[in-house]
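Please read them alongside the coordinates.

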Amino acid sequence: MSNNIFSSKTFNLITDNIDTDQIIPAQFLTTTTREGLAAGAFFNLRFDDEGNEREDHVFKNFDAKETAILVCGNNFGCGSSREHAPWSLLDLGFKVVVSTQFADIFRNNSIKNGLLPLEIDKSALDYLEANPNTQLTIDVANTKCEIHGYDSIDFPLDEFSKYCLSNNYDQLDYLMSQKNKISAYEQRA
Amino acid sequence: MTTAKTLFDKVWEAHCVQPESDDFPAILYIDLHLLHEVTSPQAFAELERRNLTVHSTKNCLATIDHSTPTSAPNALGERDYVTAQAKNQVDTFLENCKKHNIECHAWDSEQRGIVHVMGPEIGATQPGKTIVCGDSHTSTHGAFGALAFGIGTTEVGHVLATQCLLQRKAKSMRINIEGELQKSVTAKDVILHVIATIGVNGGTGYVLEYAGSAVRAMDMEARMTMCNMSIECGARAGMIAPDEITFEYLKGRPHSPQGEDWDKAIKQWSQLPTDEEAVFDKEVYIDASVISPTITYGTHPGMAFAIDASIPATTDESDISSLEYMQFAQGESILGKAIDLVFIGSCTNSRISDLRHAAAVMQGKQVQVRTLVVAGSELIKLQAEKEGLDEIFKAAGAEWREPGCSMCLGMNGDIGNPGDLVVSTSNRNFIGRQGKDVRTILASPLVAASCAISGTVSDPRTQEQAA
Ligand code: SF4
């Protein structure tokens, strides 16, 4: 996500409760870097028991340049705190994930990595489900999303996350700038 | 305006370096940062990249547990890692801890264990603390009246560099569990029942407090099992007010306050419980006496039911595909179904009381399927061996393995074969978590041990009668 307006088409993977073990199975967690995790993203959906790519898997014709918005069912990202989940989605090329509800930790992890968790209501999701490949135009600074052929909706995002996402602002820099307050707290305690 | 506060309010407010505002999240101070090999390497790398140091090493505590093998070392003391990458991950972690002067319990420490087992066991987990770890089951530590939750790797970096986190305060929900538990019903059954009741995302956005006579009656190990699974209904954390049982547990542990400090601590900790007038955003009431031994039948922990019940009818698409994966049908009972594997372990159920439960069932019997028993820590392993539990397991034909996460997430290579039906005392029955196409039934150690003995899904209550 950067500054201005982001526009891309949707890619549907609409199932409820897609958990972090499905997003990236545990065997890919032994890495010590954050790069290259696309190889493990949705691995069991994409590859069969022998590790060969499945004939008809959902990501077969996926092209991140065209469809950088992943649309999922309710309670997306539940399960583990592994940040490998958003890292692998970003590495696949997604910039936005859409769901009716995100698991807490996944939501936090996404925002910290510049992946926008875009929460919509059930009727908007139903529309996207019925209309794959829909163009979305997202204005992060104003938390507005134009769903082509449907409506323009507001989505929830707190001020600080909005600021960070739309300015590529780094949260650790912010915390470091507050070190005097932290030391004062430590003296007091 | 009421000044009455919840346990959560009290711990939260005491740790606000800066309270939250509309525009900014709170800056929350973290007392205890638990670290392990899987979710920290990228955080240490980031620290290095920015040329930062660890802000406060005394607030950090580390162990190795996730990708460590549970097979015994060979004669040379070498461990059989699942891949070279797994070994590299552990080695990298040990180097990082050494470099940054972080107390780490590795292979040479008697205190090594699953991170959420170790913290309480050595007394590092204490009432009123804020505790985080790059692991979602950090909620376990809430059993002591701590505010404990899982964080991602970027946040691990934040805490390393500043000992603080940016946080929005969650809403509060009290789960009141009143009454007496039936025989053969344990904390695991209670928490599965709670999750089934409020739903797999029923806790999203909340910090839970478990209260009521059934919770007060639980020992610390049972309370940890409860809080451990808070995350499975989406809750940020789960907490239980500290009381005499908490203090008794902590007394004399290596990291617990000693002497005068202990008396001071007790005084402070006694102030923590929720004030009588305090108001929660939501209250849930559960009758403890109706809870049966409870297991899961689907692919998330909310799909749980009494072990002798029938799978409820559903029109929900994701539930239907979940049942397809499990190869179960609506309306059927899963009692008596043949199983392939049993796992007794994980930070949910690998403590000494869990092992005692399992051993009591297995004593003098034979397991019918492969059964892995994995203690949560080196100390628990030693204790179990002192009590002769290991002999009971081995005589029954079960495997007595080295402590670690093991089959809970299977990243160390402990997994089932495709299609296996596994009865597991861990916390997640997600698709593929215990190996590709492995089907997981979550259960208590009592239930899991009964299943191991019969080779089928079986009810500990009826098995006892048959014996
Ligand atoms: S036992 Fe399972 S849930 Fe617990 S820390 Fe290990 S992997 Fe996580």
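The points cover conventions, sheets, helix packing and aromatic pairs.

1. Conventions. This is a predicted model, in which local features need pLDDT of at least 70 and side-chain atom pairs count only at pLDDT 80 or more, while totals for chains, interfaces and linings use all residues. Residues are numbered from 1 along each chain as its sequence is written, chains are lettered from A and ligands numbered from 1 in the order in which they are written, and side-chain values use heavy atoms, with hydrogens and water left out.

2. Sheet in chain A. Seven strands of chain A form an open sheet in the order 4-3-2-1-5-6-7, with mixed pairing. Strand 4 (116-119) and strand 7 (151-154) of chain A are at the edges with a single partner strand each, so one side of each has no neighbour in the sheet. On average, neighbouring strands of this sheet are turned by 30 degrees against each other, direction ignored. Strands are DSSP runs of E of at least two residues and helices are runs of H or I of at least four, numbered from the N terminus; two strands pair if DSSP finds at least two bridges between them.

3. Strand 1 (residues 5-13) and strand 5 (residues 135-139) of chain A run antiparallel and are joined by five bridges. Ile5(A) has Asp139(A) in strand 5 of chain A as its bridge partner.

4. Sheet in chain B. Five strands of chain B form an open sheet with parallel pairing, in the order 17-16-15-18-19. The edges are strand 17 (399-401) and strand 19 (439-442) of chain B; each has a single partner strand, so one side of each is left without a neighbour in the sheet. The twist from one strand to the next averages 20 degrees. Strand 16 (residues 370-374) and strand 17 of chain B pair in the parallel sense over three bridges, and Val373(B) stands opposite Trp400(B) in strand 17 of chain B.

5. Helices 3 and 4 of chain A. Helix 3 (residues 84-92) and helix 4 (residues 104-112) of chain A pack at about 50 degrees with axes 9 Å apart. Helix 3 of chain A is therefore oblique to helix 4 of chain A. Axes are lines fitted to C-alpha atoms, for helices over the stretch in contact, and angles run from 0 to 180 degrees between N-to-C directions. Angles under 35 degrees count as roughly parallel, over 145 as roughly antiparallel, 65 to 115 as roughly perpendicular and the rest as oblique.

6. Helices 12 and 15 of chain B. Helix 12 (residues 352-362) and helix 15 (residues 445-454) of chain B pack at about 30 degrees, with axes 8 Å apart.

7. Packing between chains. Helix 4 of chain A packs on helix 5 (residues 153-162) of chain B at about 75 degrees, with axes 9 Å apart. Helix 4 of chain A and helix 5 of chain B are therefore roughly perpendicular. The contact (heavy atoms within 4.5 Å) involves Asn108(A), Asn109(A) and Lys112(A) of helix 4 of chain A and Thr154(B), Glu155(B) and His158(B) of helix 5 of chain B.

8. Aromatic pairs. Over all chains the count is 24 aromatic pairs. The rings of Phe160(A) and Phe24(B) have centres 5.5 Å apart and planes at 50 degrees, so this pair is tilted. Rings of Phe, Tyr and Trp (its six-membered ring) pair if their centres lie within 6.5 Å; planes under 30 degrees apart count as stacked, over 60 as edge-to-face and the rest as tilted.
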